[in-house]
Amino acid sequence: MTDTRVAVIGGGVIGLSIAYHLAEAGVETTLLERGALGSGASRATADVVRSYFAGNPVSSALAVRSLDAYRAFPVRPGADLPLRQVGYLVLFSTPEQVAAFEADLPAQRRAGVDVGLIDVEEARERNPLLGDLPLVAAAWSPQAYVSDTAAIVTAYAEAARRSGATLITDRPVSRIDSSAGRVFTEDGGELTAEAVICAAGAWSPALVRGAGVDLPMTEPIEQELLVTDPLPPGTPEIPCTLHAASGLLSRTRGDRLLVGMGYPGPDREAWRREVAERFAETYPGLSELALHPAVTGLRDASPDRRAFIGHLPGPPAFLYATGFSGHGLCNAPAAGELVRDLYLDQDPGIDVTAFAVGRQRTG
């Protein structure tokens, strides 16, 4: 392998955003991906881009900034990224959930999130498939869009290449020597760089230890999303809907519903049965529909569900952007901008210390 100015490890939507923003700024950039582009966490998303993350206004601020960037992204002349507005509905079952929402609301508004409290009647109007759940209120944010993660991955990859970045796939990285700016691959190859950026998702913790950074990330979590049988004819489309008490998340996907609920854990069949039970309670009119596996993939996770983004100045420099905890698609454009600005010592326009590794974030 030849030397490069910046080596980016990880070819998911985060790594590709970083590579694009660096290359666009004139920085010679080489990206290494262990498999195909977008084959990690980026392949196991619900294809929803939203701005509201309850209790996490820092991630919400990144998402608001990212949503603006997605709308303006230069795919190619006359083409835009697919973004179909559906809205985000969060169902509350207890007064305590409402109180937590109201306490969080000022910070969400400061972050630029369009979200508010609505009554149960309006919630049922927005999602007419809901059964007779014991609800007290709901949160509604119109800033939620169904997209296509594969299309976003492809768009960022094409834009990065057009800007001069080199993208290398099927090249797993085995370790990093950040003191020398060296990246070693499992096939015995080596790449030297003025800066190394780790955006390897679930594979990040072991790699960043070579740079003297101890990321307090949990073990990689396998995400699974399910899909229903085809819906009855005439079934209305629903917004992206989260039942806060159970964690059941659902949205319309073509002629079916895409469904998720936390993580499967070691007993996948028991988890699927639990999802089916919660689904039948939430949507009794659809209780006869079977649920089938749709997508699976490993996710990285931080203790506070906020990304780790930071910079150890060099030379050689070391930067990291990982631990997005399922928020990567919603945060990717802004994350790429932040890493670019950190590397170039530019003002990122946001307090990046909130994303750095520190004792206050060990959970």
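A polar contact here is a pair of N or O atoms within 3.5 Å, where one must be able to donate a hydrogen and the other to accept it. Keep that in mind for the first view; everything shown comes from a predicted model.

**View 1. Ser51 and its polar partner, Gln143.** The side chains of Ser51 and Gln143 meet in a polar contact of 2.6 Å. Ser51 sits in the loop that runs between strand E3 (48–50) and helix H2 (57–72). With 0% relative accessibility, Ser51 counts as buried.

**View 2. Who else touches Ser51.** Setting aside neighbours within four places in sequence, Ser51 is in contact with Ser60, Ala63, Val64, Val113, Ser141 and Gln143. Ser60, Ala63 and Val64 also turn up among the buried residues of H2.

**View 3. Helix H2, end to end.** H2 has 16 residues, and at 1.5 Å a residue they should span 22 Å; the end C-alpha atoms are 23 Å apart, so the two values agree. Its buried residues are Ser59, Ser60, Leu62, Ala63, Val64, Ser66, Leu67, Ala69 and Tyr70. As background, an α-helix has 3.6 residues a turn, so residues three or four places apart point the same way.

**View 4. Cys240 and Cys330, a pair without a bond.** A disulfide needs two cysteine sulfur atoms within 2.5 Å. The sulfur closest to that of Cys240 belongs to Cys330, but it is 9.1 Å away, so that's too far for a bond. Cys330 is likewise in no disulfide, its nearest cysteine sulfur being that of Cys240. The disulfide count comes to zero. Cys240 is buried at 2% relative accessibility, and Cys330 is buried at 5%.

How values were computed: Residues numbered from 1 in each chain as written. Predicted model: local features only at pLDDT ≥ 70, side-chain atom pairs only at ≥ 80, totals over all residues. Heavy atoms only, no water. Buried < 20%, exposed > 50% of the residue type's maximum accessible area, 1.4 Å probe, protein only. Helix = DSSP H or I, 4+ residues; strand = E, 2+ residues; numbered from the N terminus. Contact = heavy atoms within 4.5 Å. Expected span 1.5 Å × (residues − 1).
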